[in-house]
Amino acid sequence: MLNQIKSPADLKSLTPEQIQQLASEIRSFLIEKVSKSGGHLGPNLGVVELTIAIHRVFDSPKDVMVFDTGHQSYVHKLLTGRMNGFDKLRQRGGLAGYPNRSESEHDVVENSHASTALSWSDGIAKGFALTDQTDRSVVCVVGDGALTGGMSWEALNNISTSTNEKLVIIVNDNERSYSPTIGGLATYLSTLRATSGYEKFLEWGKGVLERTPVVGHPIYETLHGMKKGIKDIVAPQGMFEDLGLKYLGPVDGHDVPAMEKTLKLAKDFGQPVLVHVITEKGRGHAPALNDEAEKFHAVGVVDAETGQPLSKAGKSWTSVFSDELVKIGAERKDVVAITAAMMGPTGLDKFEKAFPDRTFDVGIAEQHATTAAAGMAFAGLHPVVAVYSTFLNRAFDQLLLDVALHKAGVTFVLDRAGVTGDDGPSHNGMWDLALTGIVPTLHVAAPRDGERVRETLREAVEISDAPSLIRFPKGVVNPDIPAFERRNGIDVLYRGESADVLLVSIGAFASIAVEAAAGAYREGVGVTVIDPRWVKPLPKSLVTMAQRYKNVVVLEDGIKHGGIASTISELFREAQLNIPVHSIGIPLTFLEHSKRSEILEDLGITVQNITRSLVAWNSSGIDLKEEMQLPLDENERRKPLR
Ligand SMILES: Cc1ncc(C[n+]2csc(CCOP(=O)(O)OP(=O)(O)O)c2C)c(N)n1
């Protein structure tokens, strides 16, 4: 069946039996392919029937489908003619892990940050209404997790007053984000889920009351007469309907005929309608269903049958942080942890286990997490906010004005900093160094290895009169790189024979920097590698240190524009130090999905290439110090740091 589906039009004539067969083939296909490449298996297994029903009722691309976050769009990709791309899912040359405009006219929104779909959909539907494209509907699929994000509610507030938008909002309620969705909204949705129990309640009431002599029957009648009121007690519909949104549901999202019936009703209504759909994350795959923690929200490369990882990874950056925070938590009762719906992925699960009362999952609400942290700091706590680097972008204004302006003692821990690769452009953590560089009062550290994660984390939580932040990449942590010495807070990792180049290495690139310096030494170029650890504020001693060199090179896992190299250039300019500063980092561009190593290779961030650059810059550079007649005796060159 699946082979025959080249476009959504091929779905329209299928019989109920064929649809069932197709759903089952899609599940087997996804389990086989995603196990090989890694990706969002659980969410996609949950939306198979839902996506088939959408494509049977609506006509893509005339009707627009917007998937919130987009991680659950694999089935949509399969039904829109992209089956072959799954062999290289999330790899260079293969399908992206999220919708992608360059792949298909059926994809519109590429952003993988949650809670944007309702705003996109509102905008598109308003646009269609105003440009006389009245035959076009917008279908917005939003998870109960994504619905915890503030943007979703800003959008609903606007959508609900619209009378001419052809917009069908499908709330895909599987009760989970990564882990179970939390908060008042989750409780509300679970009450709505009980709506189907209302009729049963009424039946039960009838049975019991009719057996009660004299007063029983009248009470039942009253009960029945108060249907709406009782329904609100048993299953309050209030919130969505009070907002002015037509609510349909809850519907079993695995029952295609039921889904189609409801979606047709919603489509014909001609105004915004919210359809509440119940699905099961990981459906049809025992290992996913048995994964209590995350229902295979996102898997690496795993055995298709058992779901077990095929290779054993080493200790990750995340787990180094995770373990150290638990130790700190045992020593300091004021330290609390905050996650935005990513307890496991950020490593806060261990802290939660040890200190459940001091751990807060706020839902997909980075902005709230950040400002609430400022409040907690005011009240005498030291919050540690753990998020992925890319998601801090969401909370920039809160970081700047709620936290930094108020000099709140909050520590941010950014995981997945730098190039992450396979999740595509919006998941790379390449903006944080530039963004945080312009936040007054904030201290920023980029630890180069596990030992430095522990060390800078401890230093960070000691800062109580200003915010602090540490950032580290995805994956397995580097072996520790001890320093020769620490000078005014700056670690010297490699001493050059001569003072040709001062290589300032930021964070996890230290091992590449040291190897490149060794390579340059073999070419006769003296490179000293230093790691300032704290990149904001940069130690003043950097200026004194740099004075002895002909060239300064900065290597960073972030955008070059506004990054650490640019801060160092400014520092030198202000100190009237005229030394060329070369920058190796990420250009200002969106990086297509690919392996991290492939992207770094493209950017020239390899030992071989950096060695070549160090040699080239050394030979082409004008020796400004000689021109400026600064002291450069041979002894100084040999011991550049004395
Ligand atoms: C702003 C932001 N924060 C965090 C994430 C990480 N994230 C990806 S999917 C997800 C959970 C989504 O849950 P839900 O919307 O219910 O979809 P489901 O996977 O359950 O279908 C989270 C927290 C994100 N994509 N965007």
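Biologist: What makes Ala-341 count as buried or exposed?

Modeller: First, a caution: this is a predicted model. Buried means under 20% relative accessible area. Ala-341 has a relative accessible area of 4%, so Ala-341 is buried.

Biologist: Which label does Thr-69 get, buried or exposed, and how do you know?

Modeller: The relative accessibility of Thr-69 is 14%. The cut-off is under 20%, so Thr-69 counts as buried. Thr-69 also has a positive phi, about 70 degrees, and is not a glycine. Look for Thr-69 in the loop between S1 and helix H4 (74-79).

Biologist: How do you know which form the peptide bond from Ser-60 to Pro-61 takes, cis or trans?

Modeller: Omega tells us. From Ser-60 to Pro-61, omega is near 10 degrees, and the bond is cis. Pro-61 lies in the loop between helix H3 (48-57) and S1.

Biologist: What about the bond from Gly-249 to Pro-250, cis or trans?

Modeller: That bond is cis, with omega near 0 degrees. Pro-250 belongs to strand S4 (residues 246-252). Most peptide bonds are trans.

Biologist: What span is expected for helix H5 (residues 117-130), and what does H5 reach?

Modeller: H5 has 14 residues.

Biologist: Which residues of H5 are buried, and what covers them?

Modeller: The buried residues of H5 are Ala-117, Leu-118, Ser-121, Asp-122, Ile-124, Ala-125 and Phe-128. An α-helix has 3.6 residues a turn, so residues three or four places apart point the same way. The cover includes strand S1 (64-67), strand S2 (138-143), helix H6 (150-159) and strand S3 (167-173). Just after H5, Asp-132 takes a positive phi of about 60 degrees.

Biologist: In what order do the seven strands of the open sheet run?

Modeller: The order is S7-S6-S8-S9-S11-S10-S16, and the pairing is mixed.

Biologist: What makes S7 and S16 edge strands?

Modeller: Strand S7 (359-361) and strand S16 (534-536) each pair on one side only. Across this sheet, neighbouring strands are turned by 20 degrees against each other on average, direction ignored.

Biologist: How do you know that strands S10 and S11 pair?

Modeller: Pairing needs at least two bridges. Strand S10 (residues 443-445) and strand S11 (residues 468-471) have three bridges, so they pair, in the parallel sense. His-443 stands opposite Ser-468 in S11.

Biologist: Which strands does helix H20 touch?

Modeller: Helix H20 (residues 450-462) packs on the sheet and touches strand S8 (382-388), strand S9 (411-415), S10, S11 and S16. The direction of H20 makes about 165 degrees with that of S11.

Biologist: How many helices and strands are there in the protein chain, and what share of its residues is buried?

Modeller: The protein chain has 27 helices and 18 strands. Buried residues make up 57% of the 642 residues. Its accessible surface comes to about 26,300 Å², with 54% belonging to carbon and sulfur atoms.

Note on methods: Residues are numbered from 1 along each chain as its sequence is written. This is a predicted model: local features need pLDDT of at least 70, side-chain atom pairs count only at pLDDT 80 or more; totals for chains, interfaces and linings use all residues. Side-chain values use heavy atoms; hydrogens and water are left out. Helices (H or I, at least four residues) and strands (E, at least two) are DSSP runs, numbered from the N terminus. Axes are lines fitted to C-alpha atoms, for helices over the stretch in contact, and angles run from 0 to 180 degrees between N-to-C directions. Contact means heavy atoms within 4.5 Å. The expected span of a helix is 1.5 Å times one less than its number of residues. Buried means under 20% relative accessible area, exposed over 50%, partly exposed in between (1.4 Å probe, protein chains only). Accessible areas come from the Shrake-Rupley method with a 1.4 Å probe; for residues, only the protein chains shown count as cover.
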